[in-house]
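The following note sets out several points on the model for the attention of a colleague.

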Amino acid sequence: MGSETPSIKLPLIDFSIPGGLKPCTPEWDSVRSQVRQALEEFGCFEASFNKVPLDIRKAVFDALKQLFDLPLQTKVRNVSNKPFHGYVGQYPQVPLFESMGIDDATDSPKVESFTNIFWHQGNPSFSKTVQLFSKQLSELDQIVRRMILESLGLEKYLDEHMESTNYLLRVMKYKGPQSTDTKLGLNAHTDKNIVTILYQNQVEGLEVQTKNGDWITVKPSQDSFTVMIGDSLYAWTNGRLHSPFHRVMMTGNEDRYSTGLFSIPKAGYTIKAPEEVVDEDHPLLFKPFDHVEFLGFYYSEAGQRAESALTAYCGV
């Protein structure tokens, strides 16, 4: 499985340019080159991004604590017919982990509808914090995705690519194991979506696997976000970028809270590698597929057994 290599760190890329990053500028081109290199080598990187103010970043963790402190019979009201979108918890395999999903988290009415599931009289502070955090963070997702397409010469697909996704905010809690021994928080996996942007409180736990099998511990920082590629973008770019395995390992007494903003292909949208990324040196890796149908396979017995669910489902 590989060993832990604390000497290796994920690249840190600064998106907080005074006045903002603007396409067709030397600053944009420099950051774009760093993004491409990091996603080819690691499949992820740390991003400094000041469009999400510190007070909102702090407030989102207060909101998470408020949500997860609700009784279990209240939390299970968060249901969804999409795999892994509703409340997840009480699993013997990962007893420290619980999470909930907020669909269309950049949309204020959708977030309010989610909030009203738990607080019948509403909770305006919670709704505003979650929606604002998601909206501001979605700007980073869009910048990264535009840079990826530009770096691959796929600008003509930009509008279609951006319009093909929705945003899911997944909020997560990992209980402190009350032990100095390291305990599993969440199994090693690759994400299945387009891009994931993770933000965590000051409790360690996230680990990312390198291509040679070693594990990097991601040191939490209130000043950076972890940007990661999912299998759907890996397939769409025909393997030009890396989709990394990652896991959560817990120790100590403190609870770990984290958020994940996921750009997810809409149901019915077919993920198909553009012809520009398929050639003799890069033969087609995956047949076209629907993300929601792929998720259904991933959570089946066969999908869970497969070393690579994506290859088992639609590999050429």
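1. Helix α1 comprises the 16 residues 26-41. In this predicted model, its end C-alpha atoms lie 23 Å apart, which agrees with the 22 Å that should be spanned at 1.5 Å a residue.

2. Which residues of α1 are buried? They are Trp28, Val31, Val35, Ala38 and Leu39. These residues cover an arc of only 100° around the axis, so they are on the same side of α1.

3. The buried residues of α1 have several packing partners: the strands β1 (12-14), β2 (44-48) and β9 (225-229), together with α5 (124-151). On the face turned away from the buried side, α1 carries Pro26 and Gln37, both of which are exposed. After α1 comes Gly43, which has a positive phi, near 80°.

4. For the protein overall, the secondary structure consists of ten helices and 13 strands. The radius of gyration is 19 Å, close to the 20 Å given by the globule rule for 316 residues, so the protein is as compact as a globular protein of that length. Its C-alpha trace spans about 55 × 45 × 45 Å along the principal axes.

5. Burial and contact range may be considered together. Of the 316 residues in the protein, 53% are buried. Among contacts between residues at least 6 apart in sequence, 76% join residues at least 24 apart. The protein exposes about 14600 Å², and carbon and sulfur atoms supply 49% of that area.

6. The UniProt record, an unreviewed entry, places the feature "domain: Fe2OG dioxygenase" at residues 164-265. Over these residues the chain is 55% strand and 6% helix. The end C-alpha atoms of this stretch are 6 Å apart.

7. Is Gln142 buried, partly exposed or exposed? Its relative accessible area is 36%; since buried means under 20% and exposed over 50%, Gln142 is partly exposed. With its neighbours within four places in sequence left aside, Gln142 is in contact with Met162 and Tyr167. Gln142 and Val195 are 53 residues apart in sequence, and their C-alpha atoms are 9.5 Å apart in space.

Key:
Residues numbered from 1 in each chain as written. Predicted model: local features only at pLDDT ≥ 70, side-chain atom pairs only at ≥ 80, totals over all residues. Heavy atoms only, no water. Helix = DSSP H or I, 4+ residues; strand = E, 2+ residues; numbered from the N terminus. Expected span 1.5 Å × (residues − 1). Buried < 20%, exposed > 50% of the residue type's maximum accessible area, 1.4 Å probe, protein only. Arc of directions from axis to C-beta. Contact = heavy atoms within 4.5 Å. UniProt positions renumbered as here; feature names shortened; annotations may be inferred. Rg over C-alpha atoms; globule rule 2.2 N^0.38 Å. Areas by Shrake-Rupley, 256 points an atom, 1.4 Å probe, with all protein chains shown as cover.
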